[in-house]
Structures are given as structure tokens and as C-alpha cells.
Amino acid sequence: MSEPTPIAAPRRASLTPAAPTHLNADILARARQLIALYPEARSALIPLCHLAQEQDGWLTPEAMVDIAGLVGVTPSEVLGTASFYDMLHTEPVGRHVVAVCTNIACLLAGAAELLEHAEDSLGIGSGGTTSDGAITIEEAECLADCDRAPCVQVNHRYVGAQTPESFDRLVADLRSGARDADIPSHGTLIRVQRTTGIEADPAAVAEERRLAAEARAARDASRTDGGAG
Ligand code: FES
């Protein structure tokens, strides 16, 4: 009986990262600080996607190329990761992403009617963006604020239970900028930047990365040896 053919180790594309061309200097500096916190640069992939969204409001193809180069993966891997998460948008969205929860507690409190009103009054379906680029509507699963149903979030900030009437006022306030103080543009998760706290020792990080690379190489070599036998 012949030996089963071992599965070959997956090959990674050879990466020759180009210098970032899209992310601005401030975002790049913050990105490099984040990368320095992790033993493996690719572990910073998702935080960097959020940074890119802070710059552009969504995750543009150009930003994904920059991120890929910064963390040592391919742009396809950035897209493959980002497309898994609701908070990362790989297509343009409005300045305000309004999420209406239609899970059970909110449904019982009128969420379906609220969503229908939102779609009718804005002239867009769920997932759509108004022509002025101000508002994107999303239907959301439970947003963990069930006691204030039907729950609505704008750019991931809770805005309390809404009625059709209060929803119209909310949209007017978002468009006029009246809520800018508490609800920044989509993509900005926080506006206070940490200046103290976790600090990475560059030498320790470099050593951990070296050891991780050695371990990976040893694993790949043992798989290759197994495949040749
Ligand atoms: S069901 Fe709507 S927030 Fe939980």
C-alpha cells in the first residue's frame, strides 16, 4: 500500500513591499507605533484598517495596498480579513453610518417600522447611501442596548431609542453638523490619542520576531522534508 501524499505547506507570495503612498504622515506614524506593539507585524492588520478608515471614511484599495506593505501580507489578505468584519467597509459609505437593530427586542418595539421609515424618508434601501454622501443606512443584529429599543447607532455611537419623528430630527442634526461634537465622521473610533501606557521595547520586539521567523522556517522545512519522503 502506497504512502499517502502529504499536503504541501502553503506557499506565500514573495513580498516586496512598496513604500506607502496613500496613507498620510500622521496615520503612518500611528500605524508604525501600533505595529511596534506586536511581536508579529501582521497582528496589527485590523487596527491599521481602522486607522485607514479614519483617514478616508472607508477602506480604499490604495489604503489596503499600503497596509499590506506595512504588515508584510498581500493586499488580498487585507481584503480577505477586512471583508469579514462589519465595522470595516471595503466600499464607500456615507459620513454617517446609521445602524438600525432589527433583532428580537427591537423588532417587538417597532424596529421594522422604523427601518421602513428610514428607507422611505431617505430614499435608499438598507445598505444604501444618500446621494449627498451624508447617510448610509444599515440593518443591524443586536447592538447590545436592548433596553432602549428600537436601538440605533450612528458611527457606532448609541443615540438611544428612536421613533420615526425623532429619527427625522436625528438625520437633520447629522446633516447640519449639530451632532459633530459627539459623533465624528465615520471611521473615527476615538478622538483622544493615548500618550502613555503600553510601550514596546524595539529590541525585545525584534528578538521575538526573529524567533517567530525561525520557528516558522523550521516548521516549513519539516513539512517540506515530509513531502519529499
Ligand atoms: S435586540 Fe436590538 S439592541 Fe438587542
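Predicted model: local features only at pLDDT ≥ 70, side-chain atom pairs only at ≥ 80, totals over all residues.

Entry 1, the loop between E3 and E4. I began with Asn-155, which sits in the loop between E3 and strand E4 (157-158); helices (H or I, at least four residues) and strands (E, at least two) are DSSP runs, numbered from the N terminus. Asn-155 is not a glycine, yet its phi is positive, about 50°. Is Asn-155 buried or exposed? I use the rule that a residue is buried if 20 or more other C-beta atoms lie within 10 Å of its own, exposed if 12 or fewer, and partly exposed in between, with C-beta atoms placed from the backbone. Asn-155 has 24 C-beta neighbours inside 10 Å and therefore counts as buried. His-156 is in the loop between E3 and E4 too, and its phi is near 70°, again positive in a residue other than glycine. Because His-156 has 14 C-beta neighbours inside 10 Å, it counts as partly exposed.

Residues are numbered from 1 along each chain as its sequence is written. pLDDT is the predictor's confidence in each residue, from 0 to 100; its mean over the protein chain is 89, and 87% of the residues reach 70 or more. Over residues 5-14 pLDDT stays under 50, and there the model has seven contacts beyond four places in sequence, where two residues are in contact if their C-beta atoms, placed from the backbone, lie within 7 Å.

I find eight helices and four strands in the protein chain, in the sequence pattern α-α-α-α-β-α-α-β-β-β-α-α. Of its 229 residues, 26% are buried. When I take contacts between residues at least 6 apart in sequence, 65% of them join residues at least 24 apart.

Entry 4, the sheet. Which order do the strands take in the open sheet? The four strands run E2-E1-E3-E4, with mixed pairing, two strands being paired if DSSP finds at least two bridges between them. E2 and E4 are at the edges with a single partner strand each, so one side of each has no neighbour in the sheet. The pairing of E3 with E4 is antiparallel, over two bridges, and Val-154 stands opposite Arg-157 in E4. I also looked at the loop between E2 and E3, where Pro-150 lies; the peptide bond from Ala-149 to Pro-150 is cis, with omega near -5°.

Residues 164-176 form H7, whose 13 residues reach 19 Å from first C-alpha to last, close to the expected 18 Å at 1.5 Å a residue; the expected span is 1.5 Å times one less than the number of residues. Its buried residues are Phe-167, Leu-170, Val-171 and Leu-174. Seen down the axis of H7, they fall within an arc of 100°, so they line one face of the helix; the arc is that of the directions from the helix axis to the C-beta atoms. An α-helix has 3.6 residues a turn, so residues three or four places apart point the same way. On the other side of H7 I find Glu-165, Arg-169, Ala-172 and Ser-176 exposed. The cover over the buried residues of H7 includes strand E1 (96-101), helix H6 (111-122), strand E2 (135-140) and strand E3 (152-154). Gly-177 follows H7 with a positive phi, near 90°.

I take a nonpolar core to be a set of buried Ala, Val, Leu, Ile, Met, Phe, Trp, Tyr and Cys residues joined through C-beta atoms within 7 Å. The largest has 25 residues, and those that touch the most other members are Val-98, Ala-99, Val-100, Cys-101, Ala-111 and Ala-118. E1, H6, E2, E3 and H7 each supply at least two residues of this core. Another core lies apart from it, with 20 residues that include Leu-45, Leu-59, Met-64 and Val-73.

I closed with H1, residues 25-36, where Ala-31, Leu-34 and Ile-35 are buried. These residues fall within an arc of 95° seen down the axis of H1, so they line one face, and they pack against helix H2 (45-56) and helix H3 (61-71). Ala-25, Asp-26 and Ala-29, on the other side of H1, are exposed.
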